[in-house]
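This briefing goes through a few parts of one protein model, topic by topic. Keep the sequence and the 3D view open while reading.

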Amino acid sequence: MDSKIHIPQNLPLLPVRDAVVFPYMLLSLYIGRESSKKAIEEALNKSRIIFLSSQKNADEEIISDNSIFKVGTAAIILRMRTMKDGRMKVLLQGLSRALIQDIYEKNSYYEVNIQEIQDLETPELSPKTLKLMNAVKDTLKTITALGGPASPDLLMILDEVNQPGKLADLITGHFELKVHEMQNILETVDPEKRLNQLHRILSKEVEIIRMQNRIKKMVKNNLSTKIPNESTLKQNPNLSYATPSQDPKTEEIQELIQKVTDAQMPEKARKETLKQISRLEKMHPESSEASMIRGYLDWIVDLPWNKNTNDNLDLHRAREILEKDHFGLNEVKERILEFLAVRQLKTDSHIKGPILCFVGPPGVGKTSLGKSIATAMNRKYYRIALGGVKDEAEIRGHRRTYVGAMPGKIIQALKQVQSNNPILVLDEVDKLGSDFRGDPSAAMLEVLDPEQNCIFRDHYLNLNFDLSKVMFIATANLLENIPYALRDRMEMITLSGYTPREKVEITKKYIVNKEMKNHGISNKNISFTEKGITHLISHYTKEAGLRNLTREVGSLCRKVAKKVVMGEEISPAITPEKITELLGPAKYLKEDQLKESKVGVSTGLAWTQSGGEILYVEAIRISSSTNKSIILTGQLGKVMEESAQAAYSYIRMYSEKVGIPNNWFKKNEIHIHLPAGAIPKDGPSAGVTLATALISLITNTPVRKDIAMTGEIGLQGQVLPVGGIKEKALAALSHGIVNVILPLKNKADIENNNSKDNTLKELREKMNFIFVENLDEVFAIALEKEDTKTIREKPVVSIAS
């Protein structure tokens, strides 16, 4: 017994038929009785230790104090598996013999109070005991040589046993003796007496085996001529040999072979699987390696090597499903319809699944879109969360040499969906990490490469699996966080934030109905007005997506539901006033454009993960005799600080054109501040805004309050392109600013007539975009002058729909 394992005094009872369990013995049992199943479950829920005692009469179903032997064995449950027929298969190891003090029924199973019987171990054995131990070992070797039921592995184990009691228990547990003989040995406490009993039994076993061998030889010699040969069997079909019933191991092997046939796997995989089955057949069924191979084979035969779903190629149906589930997102929908169209036209050869990456702020529907695509195409759907994954083995799997090894997430997903052409959504691919265990993003390179994933090799399987039929859809918030090599393997589709108008439509068509259903209320109880929805969007949410908006609608529904249940009278109309009453004061106060044009204050546009934002840049002059040129505050990042330095250098050069003396910069310090100092800010797109605020300051000319701007600048005054144009334009529009200065090279982002994006169309209709190439043009448009009216009417490049 392992002294480290504490055996409780009260244990669930497992009555055993036609067997006696000994300490140190490994035993596999099939459990069918309900009371025994309950006992197993109770043991697993507690210490995993259970008490086994043999029944005196194997046919008795009702257990009582007199129906089982008093001495039994406490054993630990190593493994339990539920069979298809409802039985349990358990693997146990004996720990220690014990005496039953009391037995009682408890919750549909039996429990016993036991007293543990300790073996007497002596550090020094007497010559008589040593002689007896050697005699037992020699007898066991004789049985093995005669072909008896002794395993050579047992002899190797016994060489290391130096206690007579343990020797007797180990040997007895490996022989199929009669129950009363085994029980007598179990009940014998004195180790030497126990070994004497075993020696007498083994000696008789030797005589029996020798006699059986002589009889077999005589029978073989006398009856060899009487055994029907093959031709005799053909002439007399009624003659046959009696075939013994198959044991569980043979049934398991045959079941695995049948599964290999049904799986229709590639030839190399089939050969390797059959090779592993052959290895399993030669092993002891309860050995640790057999358990490992059995788990490996279960994974291989359960994979969908040749199982797939038939794509529904009806484009009209697919469009209807995509439109029903999601508002807008036309570029994504068009791409899916294009894939289905190609599948219709090209049916003669295999088409590799597209590898898409939806990039956009949280809450715009990237993940849910994958589920809608699966429904539209009649494919299985599975989502793999990659956020925070740092171990390469999570993707490629663990090698089988490790304890607890298993395949990676890709193979697990395919086994789960039982199809080799599902839609797998790789969620948050931009949040993959890396550490000493490897780089998962590097492992994804093979998965997402159409030229390589047809022979994807998982470390656990160590076999090639074809992933080329899988449609992979990755999602990400930030494109910059995805390694370039991984980006290069995916088709990027940008999902921008929704406009206020789109949010109103989505709320009316989708969110309100969904939340009303979730909270058990109807149109009689609540009715959202368009003004109410607009107020909710602008004053209670600040996001590019819809998650917080959905929560606020749900919160309103819950408050109305409570009033309905409590019998309070409430008007169903959800107006701005009603929203304030139910949800409290506005969380976000809408910041409109500046009330008046100011010197040194310009309006910029910024991009954030939640969408676009307006950004005010403030500059003031401080008389100073120090040589410090510029002070920057507002928690600016390094890139934005460099943009401010570039703007300052250009303005010093530009000052000569506007008649500002050089000593102005020696006498004055400039302090630049960006409000909301608690929020970090970075990026080069504020260069135009910074330069405009500076030129306004040194020329004492106000910046127009009705213009916002964005763009990177160079030291020569050129205006360079930036990203996030759509989101920035939406931010300006939401703050009541319709005039926006943009780099000329960003003109295509606004004037893309081939795009089916309704948001761009709405922006072109409502806003005036002014495209510039250099800062001179910016200053001419943005600064208030006496001829401002003329400047407004004649921008450098302008479109107004």
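In this predicted model, helix H2 and helix H4 are roughly parallel to each other, because their axes cross at roughly 20° and angles under 35 degrees count as roughly parallel.

**Helices H2 and H4**

- Helix H2 covers residues 127-145 and helix H4 covers residues 164-173, and their axes come within 11 Å.
- The crossing of H2 and H4 is left-handed.
- On the H2 side, the contact is made by Thr129, Met133, Val136, Lys137 and Leu140.
- On the H4 side, Pro164, Leu167 and Ile171 take part.
- Sorted by class, this contact of H2 with H4 has 6 nonpolar residues, 1 polar residue and 1 charged residue.

**The open parallel sheet**

- An open sheet is formed by 5 strands with parallel pairing, in the order S8-S9-S12-S7-S13.
- Strand S8 (381-385) and strand S13 (491-494) stand at the edges and each have a single partner strand, so one side of each is left without a neighbour in the sheet.
- On average, neighbouring strands in this sheet are turned by 20° against each other, with direction ignored.
- Within the sheet, strand S9 (residues 423-427) pairs with strand S12 (residues 471-476) in the parallel sense over 4 bridges.
- Leu426 has Ala474 in S12 as its bridge partner.
- Helix H12 (residues 330-345) packs on the sheet and touches strand S7 (355-359), S12 and S13.
- The direction of H12 makes about 145° with that of S13.

**Strand S6 and its partners**

- Strand S6 (residues 109-116) is mostly covered, with 6 of its 8 residues buried.
- Strand S1 (residues 10-16) runs antiparallel to S6 and is joined to S6 by 3 bridges.
- Leu11 stands opposite Val112 in S6.
- Strand S5 (residues 88-106) also pairs with S6 in the antiparallel sense, over 8 bridges.
- Ile100 stands opposite Ile114 in S6.
- S5 and S6 form a hairpin with 2 residues between the strands, where Asn107 takes a positive phi near 50°.
- As a general point, strands of a sheet pair through backbone hydrogen bonds, either parallel or antiparallel.

**Helix H16**

- Helix H16 (residues 440-447) is mostly covered, and 6 of its 8 residues are buried.
- These buried residues are Pro440, Ser441, Ala443, Met444, Glu446 and Val447.
- The buried residues of H16 pack against several elements, including helix H14 (393-396), helix H15 (409-417) and helix H17 (484-487).
- The strands they pack against are S9, S10 (456-457) and S12.

- Is Thr692 buried or exposed? Thr692 is buried, because its relative accessible area is 0% and buried means under 20%.
- Thr692 lies in helix H24, which covers residues 687-699.
- Not counting residues up to four places away in sequence, Thr692 touches Ser602, Val703, Met709, Val778, Phe779, Ala782 and Leu783.

**The protein as a whole**

- The protein has 29 helices and 27 strands.
- Of its 801 residues, 47% are buried.
- Among contacts between residues at least 6 apart in sequence, 75% join residues at least 24 apart.

Note on methods: Residues numbered from 1 in each chain as written. Predicted model: local features only at pLDDT ≥ 70, side-chain atom pairs only at ≥ 80, totals over all residues. Heavy atoms only, no water. Axes fitted to C-alpha atoms, helices over the stretch in contact; angles between N-to-C directions. Parallel < 35°, antiparallel > 145°, perpendicular 65-115°, else oblique. Left-handed = near helix turned anticlockwise from the far one by under 90°. Contact = heavy atoms within 4.5 Å. Nonpolar A, V, L, I, M, F, W, Y, C, P; charged D, E, K, R; others polar. Pairing = 2+ DSSP bridges. Buried < 20%, exposed > 50% of the residue type's maximum accessible area, 1.4 Å probe, protein only.
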